[in-house]
Amino acid sequence: MDVESSKAAAMKAESPKKHKRRNICLGVTAAVILFIFLLLLILGLTVFKPKQPTTTVDSTSISDMKVSFDIARLRVDVNVSLDVDLSIKNPNKVSVKYKNSSAFLNYRGQVVGEAPIPAGKILADKTQPINVTVTLMADRLLSDSQFFSDVMAGTIPFNTLTKISGKASVFNLFNVHITSTSSCDLLVFVSNRTIGDQKCKYKTKL
Ligand SMILES: *[C@@H]1O[C@H](CO)[C@@H](O)[C@H](O)[C@H]1NC(C)=O
Ligand SMILES: *[C@@H]1O[C@H](CO)[C@@H](O)[C@H](O)[C@H]1NC(C)=O
Ligand SMILES: *[C@@H]1O[C@H](CO)[C@@H](O)[C@H](O)[C@H]1NC(C)=O
Ligand SMILES: *[C@@H]1O[C@H](CO)[C@@H](O)[C@H](O)[C@H]1NC(C)=O
């Protein structure tokens, strides 16, 4: 009886101590987790803060061009391929992965050619060159009278459009979606098969 009660008393005396120890342990764990979280947050907002990758069109050239007139029917058959050399600069401290994307060839607001840009990855602080060839789809403009008169006049106005979207992932915690587009208006001179007057606009969205 006496032994029992003294045991119970000992247990009663020990219990708050155990509680205290467990509370300290929980507190330390919580502080460590909070510290790590804050550290990641601060790094995420500073060093790893997402920055916009920028696309630049370095050059556009004609890789192939064939023109045949059908004067009797006021038609013109033009096959033309444009090589567009782009570079995408990734200013981030993490790599950017981009999805399958596309380059388009437009003529007076109409899509007349498309080429795939296969998915890829741009390493941190690197510039990635991407070369893509867009080809005017045969027959697309065969019976377009505006196209006929442009070719007869000797200059064809085209537009090349590239759109690359992807994401930057920081510690697999924050994913930032990025879209970078370039749009270039240019003239193709029929007589000497050269490109002139190229004007590019760039847009990036985080
Ligand atoms: C353009 O390409 C198409 C299909 O490849 C071909 O049938 C046509 O003859 C070509 N036109 C010229 C002017 O070479
Ligand atoms: C991207 O394109 C490649 C080849 O064109 C294809 O094998 C792959 O499945 C595509 N990926 C996605 C996510 O569409
Ligand atoms: C892209 O084209 C340029 C010039 O034509 C060439 O110097 C470069 O090596 C090419 N880059 C790739 C990735 O094919
Ligand atoms: C090509 O022809 C156009 C007009 O026909 C001219 O303005 C341009 O300077 C020529 N370009 C070259 C490289 O000869």
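Reply: A residue is called buried if 20 or more other C-beta atoms lie within 10 Å of its own, exposed if 12 or fewer do, and partly exposed in between. The model is predicted, and what follows should be read with that in mind.

By that cut-off, Arg193 counts as partly exposed because it has 14 C-beta neighbours inside 10 Å. Arg193 sits in the loop between β9 and β10 (194–205), and its phi is near 50°, a positive value in a residue other than glycine. Most residues other than glycine have a negative phi. Leu74 likewise has a phi near 50°, again positive in a residue other than glycine, but its place is the loop between β1 (54–70) and β2. Since Leu74 has 12 C-beta neighbours inside 10 Å, it counts as exposed.

The open sheet is made of three strands in the order β1-β2-β7, with antiparallel pairing; β1 and β7 are its edge strands, each pairing on one side only. From one strand to the next the twist averages 10°. Across β1 and β2 lies α2, which runs at about 80° to β2.

The packing brings several of these elements together again. The largest nonpolar core has 26 residues, and among its members Leu105 and Val151 touch the most others. At least two residues of this core come from each of β2 (75–89), β3 (96–98), β4 (101–107), β7 (127–135), α2 (145–153), β8 (155–170) and β9 (174–189), and β2 gives the most, with seven residues.

Leu105 lets one follow the packing residue by residue: leaving aside its neighbours within four places in sequence, Leu105 is in contact with Leu82, Val112, Gly113, Val134, Leu136, Phe158 and Thr160.

Definitions and conventions. Residues are numbered from 1 along each chain as its sequence is written. Chains are lettered from A and ligands numbered from 1 in the order in which they are written. This is a predicted model: local features need pLDDT of at least 70, side-chain atom pairs count only at pLDDT 80 or more; totals for chains, interfaces and linings use all residues. A nonpolar core is a set of buried Ala, Val, Leu, Ile, Met, Phe, Trp, Tyr and Cys residues joined through C-beta atoms within 7 Å. Helices (H or I, at least four residues) and strands (E, at least two) are DSSP runs, numbered from the N terminus. Two residues are in contact if their C-beta atoms, placed from the backbone, lie within 7 Å. Two strands pair if DSSP finds at least two bridges between them. Axes are lines fitted to C-alpha atoms, for helices over the stretch in contact, and angles run from 0 to 180 degrees between N-to-C directions.
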